[in-house]
Amino acid sequence: MKNNHFIVGLVLGCASGYLASKYLTSESGQKLIENIKTIRGDFNNGGVGLNTNSDLVNAFNDKTDALKDHMASTVDKIKDDEDTSDIVFNEDDLNDED
């Protein structure tokens with residue numbers, strides 16, 4: 001029983017090692033390794049290349065202001081569309097309860 005577990009583990013280990021080596025030597029695998037090295041280097045260097053807290057807050061505030069401006073212009077456009085609407089109601093149509 002223990003030999004079977006050992007053989008199964010050996011086969012799975014060999015297969016996963018083979019697949020990992022094939023993936024990591026491919027082009028997409030090399031890009032993944034480069035990205036990991038860059039991220040690890042940034043953290044090892046004290047976060048060089050990472051944004052500071054104030055930069056993140058400023059970026060958030062800028063994007064929030066841009067969103068507010070966009071929403072305000074959208075509301076103004078909808079109001080303008082409502083003002084120029086061609087829908088006309090007669091009082092007779094509104095008072096009919098048929």
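Start your tour by selecting Phe6, Ile7, Leu10 and Val11: together these residues make a nonpolar surface patch with about 410 Å² of accessible area. A patch here joins residues with over 30% relative accessible area and no salt bridge, linking nonpolar side chains (Val, Leu, Ile, Met, Phe, Trp, Tyr) within 5 Å and like charges within 9 Å. Accessible areas come from the Shrake-Rupley method with a 1.4 Å probe, and for residues only the protein chains shown count as cover.

Before moving on, note that this is a predicted model, where local features need pLDDT of at least 70, side-chain atom pairs count only at pLDDT 80 or more, and totals for chains, interfaces and linings use all residues. Residues are numbered from 1 along each chain as its sequence is written, and side-chain values use heavy atoms, with hydrogens and water left out.

Now zoom in on Phe6. This residue sits in helix α1 (residues 2-24) and is exposed, at a relative accessible area of 57%. Exposed means over 50%, buried under 20%, and partly exposed in between (1.4 Å probe, protein chains only).

Next, select Lys31 and Glu27, whose side chains meet in a salt bridge at 3.8 Å, N to O. The rule asks for a side-chain nitrogen of Lys or Arg within 4 Å of a carboxyl oxygen of Asp or Glu, and the count comes to one salt bridge. Lys31 and Glu27 lie four residues apart in helix α2 (residues 27-44), so about one helical turn separates them. Lys31 is partly exposed at 49%, while Glu27 is exposed at 61%.

Finally, zoom out. The protein has four helices and zero strands; helices (H or I, at least four residues) and strands (E, at least two) are DSSP runs, numbered from the N terminus. Of its 98 residues, 2% count as buried.

The mean is 77; among the elements, helix α4 (residues 91-95) has the lowest mean, 70, and α1 the highest, 87.

Notes. pLDDT = per-residue confidence, 0-100.
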